[in-house]
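Reader: I should like to learn how to read a structure of this kind. May we go through it by question and answer?

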Amino acid sequence: MNVKELTLQSAVNRKRLMEIVYNAKAGHIGGDLSSLNVMTALYSDIMNISPAQVKDPNRDRFILSKGHCVEALYTVLESRGFIAPSLTNTSLGHGLSIGVGMAIAAKMDKRNYKTYVLMGDGEQGEGSIYEAAMAGHQYKLDNLVAIIDRNHLQISGNTEDVMALDSIPTRWSAFGWDVKEMNGDDMQSIKDTFANIDYNNGKPHLIVSNTTKGKGISFMENVASWHHGMPNEEQYQQAMVELNQAIEELKSQL
Ligand SMILES: Cc1ncc(C[n+]2csc(CCOP(=O)(O)OP(=O)(O)O)c2C)c(N)n1
Ligand SMILES: [Mg+2]
């Protein structure tokens, strides 16, 4: 898919996500919206995966470590015609360890599938992540890509106030990882960044995906309370107006 098609797909997913969360009266809309672009790009463009391939041992793997955003993943899976093939959790801090295991398994089995793990920036306070980071380096897991959804917010406020991350690139480089940064709000940046990963460099990969929590809905952007806030009827209607407008604009640009 090209950048325009991917951007439109993500806008369509954003609208469907809003319907799902509003109808269920449950979910974590802020972090869903910041990470929807990267999940859309992975499932529609970057990963070697399709509904026909769910039992193929060579398919790429995806782990949603910030498992509270599962409704965003379900939206993407629905758009691609899948039955959920992925691992998710709601206890933060476990996804990268699972990903390390899958990446080691690929090496042992001499398979060249890739494993992608999406984490939150608030999630970076979980100590188990750094054990996984050491193991990734030790086993030279260049088939593993960890992504941090860097939206600067977590459940209780700004990440730098709750548990400061300072320079994520400096920290992960020190662990021996190959680090890249991208604009996760922009499909061109996402596509370029993944295209530039060297899967044979002997190092695990970390991408800092700079995003906006609540992306795409004006009154939700960068507002901490939309971490798991629920729109009322009026807010839902306003969100739908904005989402429909975005879709129409993108369609006219195709
Ligand atoms: C082990 C664990 N501790 C606490 C929580 C409660 N919790 C749910 S979401 C969240 C904040 C996560 O922030 P972040 O990783 O930045 O997610 P995002 O901003 O992408 O939604 C917390 C602390 C949890 N799910 N698991
Ligand atoms: Mg966050």
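Reader: In which loop is Gln124 found?

Author: This is a predicted model, in which local features need pLDDT of at least 70 and side-chain atom pairs count only at pLDDT 80 or more, while totals for chains, interfaces and linings use all residues. Residues are numbered from 1 along each chain as its sequence is written, chains are lettered from A and ligands numbered from 1 in the order in which they are written, and side-chain values use heavy atoms, with hydrogens and water left out. Helices (H or I, at least four residues) and strands (E, at least two) are DSSP runs, numbered from the N terminus. Gln124 is found in the loop between strand 3 and helix 5 (128-138).

Reader: Is Gln124 buried or exposed?

Author: Buried means under 20% relative accessible area, exposed over 50%, and partly exposed in between (1.4 Å probe, protein chains only). The relative accessibility of Gln124 is 3%, so this residue counts as buried.

Reader: How far apart in space are Gln124 and Thr159, C-alpha to C-alpha?

Author: In sequence, 35 residues separate Gln124 and Thr159. In space, the distance between their C-alpha atoms is 9.3 Å.

Reader: Which residues are the protein donors of the magnesium ion (ligand 2)?

Author: Donors are N, O and S atoms within 2.8 Å of the metal (3.2 Å for Na, K and Ca); water is not among the atoms, so sites may look incomplete. The protein donors lie 2.1 to 2.2 Å from the magnesium ion, and the donor residues are spaced D-x29-N-x1-L in sequence. They are Asp121 (OD), Asn151 (OD1) and Leu153 (O).

Reader: Which residues are the closest to ligand 1?

Author: A residue is near a molecule or strand if one of its heavy atoms lies within 4 Å of it. Ligand 1 is surrounded by 18 residues. The closest are Lys66, Thr90, Asp121, Gly122 and Lys213.

Reader: Why does the distance between the end C-alpha atoms of helix 2 agree with its number of residues?

Author: The expected span of a helix is 1.5 Å times one less than its number of residues. Helix 2 (residues 29-46) has 18 residues, so it should span 26 Å. The computed distance between its end C-alpha atoms agrees with this, at 24 Å.

Reader: On which residue is the kink in helix 2 centred?

Author: The bend at a residue is the angle between axes fitted to the seven residues ending there and the seven starting there. Helix 2 is mostly covered, with 16 of its 18 residues buried. Its kink is about 45° and is centred on Ser35.

Reader: Which residues of helix 3 are buried?

Author: Helix 3 (residues 70-79) has seven of its ten residues buried, so the rest of the structure largely encloses it. After helix 3 comes Gly81, with a positive phi near 80°. The buried residues of helix 3 are Val70, Glu71, Ala72, Leu73, Thr75, Val76 and Leu77.

Reader: What is the phi of Lys110?

Author: Most residues other than glycine have a negative phi, and most peptide bonds are trans. Lys110 lies in the loop between helix 4 (95-108) and strand 3 (115-120), and is exposed, with a relative accessible area of 75%. Although Lys110 is a residue other than glycine, its phi is positive, near 55°.

Reader: Which side chain is joined to that of Asp142 by a polar contact of 2.5 Å?

Author: A polar contact is a pair of N or O atoms within 3.5 Å; within protein, one must be able to donate a hydrogen and the other to accept it, and residues adjacent in sequence count only if both atoms are side-chain atoms. Asp142 lies in the loop between helix 5 and strand 4 (144-150) and is buried, with a relative accessible area of 7%. The side chain in contact with that of Asp142 belongs to Lys107.
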